[in-house]
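Work through the exercises below with the structure open. Each task is followed by a stepwise solution.

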Amino acid sequence: MELALSSLLCITLLTIFFLKFLSKRKNSTSEKKIANPPPSPPGLPVIGNVLDFGKHAHRSLKLLSERYGPLMLLRWCSVPVLVVSSAEVAQDIIKTHDRAFSSRPRSNFLAKLMNGGQDMAFAPYGEYWRQMKRIYVLHLFSNKMVSSFRNVREEEINSTIEKIEKTISSSSPTNLSEIFMTFTNDLICRVALGRKYSGGEGVPDVYELLRKLMSLFGRLYIEDYFPFLGWIDILRGLAGEVKEITKELDDFLEKVVQEHSDGDRQIVDFVDVLLSIQRENTTGFEIDRVNLKLLVADVFIAATDTTSALLEWAMTELLRHPECAEKLRDDIRGNSSDRSRYVSEEDITDMRYLEAVIKETLRLHPSAPLLVPRQLIEDVRIKGYDVTAGTQVLINYWAMGRETATWGEDAEEFKPERHLDSSVDFRGQDAKFIPFGIGRRQCPGIGFALVMAELVLANLITRFNWEIATKPEGDHYDLAESTGLVVSRKYPLLAYASPAS
Ligand code: HEM
């Protein structure tokens with residue numbers, strides 16, 4: 001079946017190629033002439049530079065940028081894609097072109113998944129996105145809101161510690177990848193929805209739903225590039241899968257909102273906050289049921305995988321560098337009020353080395369190496385090159401985190417110390433260090449993510465000694481990456497824990 005479909009696809013692509021060839025003369029007169037476009041690697045007919053993106057686009061594009069420069073114009077089929085690979089160019093975007101770079105590409109797949117594109121994270125730039133982002137920043141992710149979930153964090157970390165203690169008594173290794181995923185998922189569920197949804201009788205498994213949802217993000221939707229070939233997505237079963245998971249997501253969120261709408265509830269979670277904004281119309285902007293559900297869906301999509309990938313990579317590097325783990329433990333113990341108990345949110349505020357470990361992890365292993373794709377809303381001239389409205393934009397932050405001009409000759413090495421005396425901001429103001437993105441589209445969940453990651457790491461390092469369980473292929477195995485928008489470990493991180501003295 002796959003073979004037949006591939007042949008069908010090849011025949012169709014060849015047909016398009018010939019049709020394109022025949023219509024070339026006609027098109028060439030109507031195409032917009034770009035005065036001075038950025039350098040472009042040569043592409044193939046019809047598919048353009050698709051093959052240049054490779055399996056791990058951040059790596060392939062970095063190599064390509066070493067040849068063609070920090071601003072390159074590629075073509076993904078018929079879609080022009082601008083690739084930014086240096087902090088200097090990114091700084092220009094922050095300072096001069098932030099608005100122009102503030103939209104997201106429209107995709108048929110996302111439009112279907114997000115009910116006509118009515119979420120926030122993938123919404124095009126405009127009034128709707130602005131109002132939705134305001135709700136996130138002012139009502140869901142404010143400092144006050146982040147602090148209000150302090151008890152929930154403490155409970156979830158204590159429950160994680162108990163799970164690890166159980167694996168010690170069973171003498172089996174701890175699957176840290178699973179531990180981090182469950183921790184972030186349970187925590188986000190409680191914060192956003194008020195309780196865990198981890199399967200069992202009559203309870204939906206939000207973790208399973210999220211897995212299915214995230215797997216859709218890594219797929220190629222032919223309809224997005226050749227609308228008249230949408231039938232191939234139907235034949236491949238992809239369109240059906242999107243429809244099914246969209247319905248599953250909507251049914252789940254509808255059930256959650258319904259549960260929150262019944263009776264007289266206190267405001268305890270995001271759904272309560274959104275329902276009260278909706279009821280009282282405090283924003284002056286109407287949020288309907290669909291918007292409300294999609295705002296909640298965005299939190300899951302944006303928060304869970306990103307934060308658990310950060311934790312996975314931080315532990316991976318600490319296991320590869322025991323001397324850093326030792327320094328971290330000294331930092332944590334030196335700043336904790338009581339060494340034998342839970343490391344609290346007050347304690348971590350003074351832990352400079354802990355912050356440095358998190359920063360170094362976000363530099364070398366960013367959860368979103370190409371940030372989240374953007375789209376230009378108007379023509380711009382940047383670094384002397386002309387780029388037209390509608391061009392998609394990928395900011396290769398993974399490449400920028402390795403620039404020797406910024407980070408020195410040892411840029412490839414894990415050295416948290418480099419951040420101890422550095423004042424480089426990593427919250428979007430300084431283009432050298434932008435793991436959470438830049439400008440208006442920047443991540444609004446930074447505070448949430450950092451407190452979650454720092455607390456769990458501090459507690460795991462101070463409570464347990466860790467030893468990597470299997471090393472079949474050493475670094476090659478440990479540092480192998482998954483594919484997709486969020487890049488985590490390809491293989492699970494297994495380690496033996498023992499109680500720390
Ligand atoms: C380590 C954890 C995280 C990382 C590395 C991360 C990174 C990012 C990045 C790179 C973007 C795109 C920014 C851009 O286009 O310039 C983004 C957007 C976003 N993030 Fe995060 N994020 C993390 C955690 C979170 C959490 C915990 C939440 C929510 C609780 C969250 C909510 C969002 C939302 C809603 C957007 C879309 C913003 C927009 O389009 O305007 N993120 N994040």
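**Exercise 1.** Which strands does helix H3 lie across, and at what angle does H3 run to S1?

Solution. The model is predicted. Start with helix H3, residues 57-68. H3 lies across S1, S2 and strand S7 (392-395). Its direction makes an angle of about 125° with S1.

**Exercise 2.** Give the strand order of the four-stranded sheet and identify its edges.

Solution. Step one: the order is S1-S2-S7-S4. The sheet is open, and its pairing is mixed. Step two: strand S1 (71-76) and strand S4 (374-375) stand at the edges. Each has a single partner strand, so one side of each lacks a neighbour in the sheet. Step three: look at S1 and strand S2 (residues 79-84), which run antiparallel and are joined by six bridges. Within this pair, Arg75 stands opposite Pro80 in S2.

**Exercise 3.** Are helices H8 and H9 roughly parallel or roughly antiparallel?

Solution. Two packed helices are described by the angle between their axes and the distance between the axes. Take helix H8 (residues 150-169) and helix H9 (residues 176-193): the angle is about 155°, and the axes are 10 Å apart. That angle makes H8 roughly antiparallel to H9, because angles over 145 degrees count as such. The crossing of H8 and H9 is right-handed.

Now list the contact. H8 contributes Val152, Arg153, Glu155, Glu156, Ile157, Thr160, Lys163 and Ile164. H9 contributes Ile179, Thr182, Phe183, Asp186, Leu187 and Arg190. Sort the residues of this contact by type: six are nonpolar, two polar and six charged.

**Exercise 4.** Which protein atom is the donor of the iron atom of the ligand, and where does its residue lie?

Solution. Step one: the only protein donor is SG of Cys443, at 2.4 Å from the iron atom. Step two: place Cys443 in the chain. Cys443 lies in the loop between helix H20 (404-407) and helix H21 (446-463).

Note on methods:
Residues are numbered from 1 along each chain as its sequence is written. This is a predicted model: local features need pLDDT of at least 70, side-chain atom pairs count only at pLDDT 80 or more; totals for chains, interfaces and linings use all residues. Side-chain values use heavy atoms; hydrogens and water are left out. Axes are lines fitted to C-alpha atoms, for helices over the stretch in contact, and angles run from 0 to 180 degrees between N-to-C directions. Helices (H or I, at least four residues) and strands (E, at least two) are DSSP runs, numbered from the N terminus. Angles under 35 degrees count as roughly parallel, over 145 as roughly antiparallel, 65 to 115 as roughly perpendicular and the rest as oblique. A crossing is left-handed if the near helix is turned anticlockwise from the far one by less than a right angle, and right-handed if clockwise. Contact means heavy atoms within 4.5 Å. Ala, Val, Leu, Ile, Met, Phe, Trp, Tyr, Cys and Pro count as nonpolar, Asp, Glu, Lys and Arg as charged, and the others, Gly among them, as polar. Two strands pair if DSSP finds at least two bridges between them. Donors are N, O and S atoms within 2.8 Å of the metal (3.2 Å for Na, K and Ca); water is not among the atoms, so sites may look incomplete.
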